[in-house]
Amino acid sequence: MELKCFLAFLLFAGAADIISMRKARLKKEIVPYLVLTALTAAFAIAYLSAPARASLTYSIVKLLGLKGF
Amino acid sequence: MFKCNGKISTRQVFALFVLLTLSPAIRIFPSACAQVAKQAAWLAPILAVVPFIALYRILAAYFRKSSMTKLSDVFDAALGAVGGKILLFLYLVWCVILFWLYIRYYSGRLLASIFPNTDMRFFLLVMLVIVFIAARGSLETFVRFSEFLFPVFVVILIILSVFLLPEVKLANVWPVTYLDTVPVLLASVRVSALWGYVMLPFFFGDSIADKGQIKRYGRQAAVLLVIVTAFMLFTNIGALGYTVAARMPLPFFSAVKLITFIEAFDRFESLLLAIWVASDFVLICFFALTIMHILRCLFPKTEPKYYATSVTAAGYIGSQYLACGRFELEVFTSKLAEYVNLFLFFAVPFLVLIIGKMRKKL
C-alpha cells in the first residue's frame, strides 16, 4: 500500500510538473527530470518491495570493516 | 532589510548557517563532547573556531574574483570541467545522505521525547510535505523565514541556558588543567565537523548579492557560535555532569526538564521542542534546496524548483533506508559522518584553493 501511494504521488506530481514545464517552454528540462523521477521510483520499489528492510549504515560499516556493531 | 531584487545577502546566509547548526549542536555536542573532553567539554567550541575562521577565509578567497559566482564555478576553474563535475557529484551524494540523516534525526527525536509508540512515517510525511512546498517556493522567502527564526531560536536557547545556571554544579565543569588540552582538541574536531556547513550556502552563490562581506559576517557568526555553544555546553554539562550527559540520547532536553522558575513554572522543554522542530524544518529544507541547486549545476539551464518532487520523495524512502534505529544513526554520525564532513568541508576546499592558486585560476 505504501509503495502504491508513493508511486501515485510521483506520477501525479510528475505529470503536473511536466505540464508546467511545457507551458513554460522548458522542454530541455524534461529529460533530466524524468531520469531523476525514474531513479526515485526505482529506489522506492527496491526498498519497499524487499522482503527484509536493508540499512545503508549497516552496509557501510560492514563494507569498511568499522568497529561498533 | 537588504534590498537587491530576488537575491539574498551574506548576512542572511550567515544567519541561516548559525540557525541550521544550532539544531544538530544541541542534539550532538553535549554527549559527543562529554564523551571525549569530560568536564572540559564546554571549551571545545573555543578551539573549533580556528578551522571555522580558516574556512570562511577560504570562501572569501574563492569569491574575490567577480567571475566566480558559485562553488561549481570555483571547482570548474580550479580542477577543470571534468574534475569540477566529479567533485560536485561527490558533494551531491554527501548532501543527499545528510538530508536523509537529518530527516531521520528529526523524527527520531520526536519519538524519543514526546511521542513514543507512534509510527515514524507519520512525522516523516508531515515534515516532507512542508519541505516540498517550501522547496518549490523562492529561496529568498525561505531565507527570510530563517532570518526571522534565527533571533527567536538564539534568544530562547540563551534564556533556557540562563535558567539552567542555578542547577550547575561547579564540580561538574571544573577543574580544567593542561591535561585537558588533547581531549578538548579531539572534542573540538567533532564541533568543527558541523561548522563546516558554512560552505553549503555557496552552492547557490549566484543568488547571494554581496559576497565581499564574507569575512565580516563570518567573524560575527564565529563569535556568536562560540558564545552560544560554549554557554549551552557549560550549563548542560554543569547541570547533568559529564558521565550522565555522555550517556543520554538528548542531554539538553533532559537538562531543560530540570528547570523550575521561581518554584512556580516548569515544563520548559515544550518550548525547546517547538523551536527545535522549526529549526529542523530549516535544516531539512536547506539541504533539499542545496541538493536542488547542485543538480542545477550538474544539469545546466534547468530550473531547480522542478527537482523538489524527486528530492523530497527520495528523502522519505532514504531516511528509512539510512538506518534501522537510533543506535545505527549514532554509529553513522560518530564513525563516518563526522570524518566525511571534515574531509569534504575543510580538507577539500583547502586543496581546491591550493590547486586553483597554483594554476592561477583563483
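A crossing of two helices is termed left-handed if the near helix is turned anticlockwise from the far one by less than a right angle, and right-handed if clockwise. In chain B, α7(B) passes α13(B) in such a left-handed crossing. The structure is a predicted model, in which local features need pLDDT of at least 70 and side-chain atom pairs count only at pLDDT 80 or more, whereas totals for chains, interfaces and linings use all residues. Residues are numbered from 1 along each chain as its sequence is written, and chains are lettered from A and ligands numbered from 1 in the order in which they are written.

The secondary structure was assigned from DSSP runs, with helices (H or I) of at least four residues and strands (E) of at least two, numbered from the N terminus. On this basis chain B comprises 13 helices and 0 strands. The C-alpha trace of chain B spans about 60 × 50 × 40 Å along its principal axes. A residue is classed as buried if 20 or more other C-beta atoms, placed from the backbone, lie within 10 Å of its own, as exposed if 12 or fewer do, and as partly exposed in between. Of the 362 residues in chain B, 53% are buried. Contacts were assigned to residues whose C-beta atoms, placed from the backbone, lie within 7 Å. Among the contacts in chain B between residues at least 6 apart in sequence, 84% join residues at least 24 apart.

Chain A contains 3 helices and 0 strands. Chain A is more spread out than a compact globule, because its radius of gyration of 17 Å is well over the 11 Å that the globule rule gives for 69 residues. The C-alpha atoms of chain A occupy a box of roughly 55 × 30 × 15 Å along the principal axes, and 14% of its 69 residues count as buried.

The contact between the chains draws 28 residues from chain A and 20 residues from chain B. On chain B, α12 (308-322) and α13 (326-358) each supply at least two residues of the side that touches chain A. The element that gives the most to this side is α12(B), with 7 residues. By class, the side of chain B that touches chain A has 13 nonpolar, 3 polar and 4 charged residues; Ala, Val, Leu, Ile, Met, Phe, Trp, Tyr, Cys and Pro count as nonpolar, Asp, Glu, Lys and Arg as charged, and the others, Gly among them, as polar. T309(B) is located in helix α12 of chain B and counts as buried, with 23 C-beta neighbours inside 10 Å. Apart from its neighbours within four places in sequence, T309(B) is in contact with A13(A), G14(A), D17(A) and T37(A). T309(B) and I133(B) are 176 residues apart in sequence, and their C-alpha atoms are 9.5 Å apart in space.

Two packed helices are described by the angle between their axes and the distance between the axes. Axes are lines fitted to C-alpha atoms, for helices over the stretch in contact, and angles run from 0 to 180 degrees between N-to-C directions. Helix α7 (residues 181-195) of chain B packs against α13(B) at an angle of about 65°, with the axes 8 Å apart. The two helices are therefore roughly perpendicular to each other, where angles under 35 degrees count as roughly parallel, over 145 as roughly antiparallel, 65 to 115 as roughly perpendicular and the rest as oblique. In chain B, the axes of α1 (residues 10-37) and α11 (residues 269-298) come within 8 Å and cross at roughly 115°, and this crossing is also left-handed. The residues of the contact of α1(B) with α11(B) comprise 8 nonpolar, 2 polar and 1 charged.

Most residues other than glycine have a negative phi, and most peptide bonds are trans. The peptide bond from W174(B) to P175(B) is cis, with omega near 5°, and P175(B) lies in the loop between α6 (170-173) and α7 of chain B. N117(B), although not a glycine, has a positive phi of about 65°; N117(B) is placed in the loop between α3 (71-113) and α4 (120-136) of chain B.

Definitions and conventions
Contact = placed C-beta atoms within 7 Å. Rg over C-alpha atoms; globule rule 2.2 N^0.38 Å.
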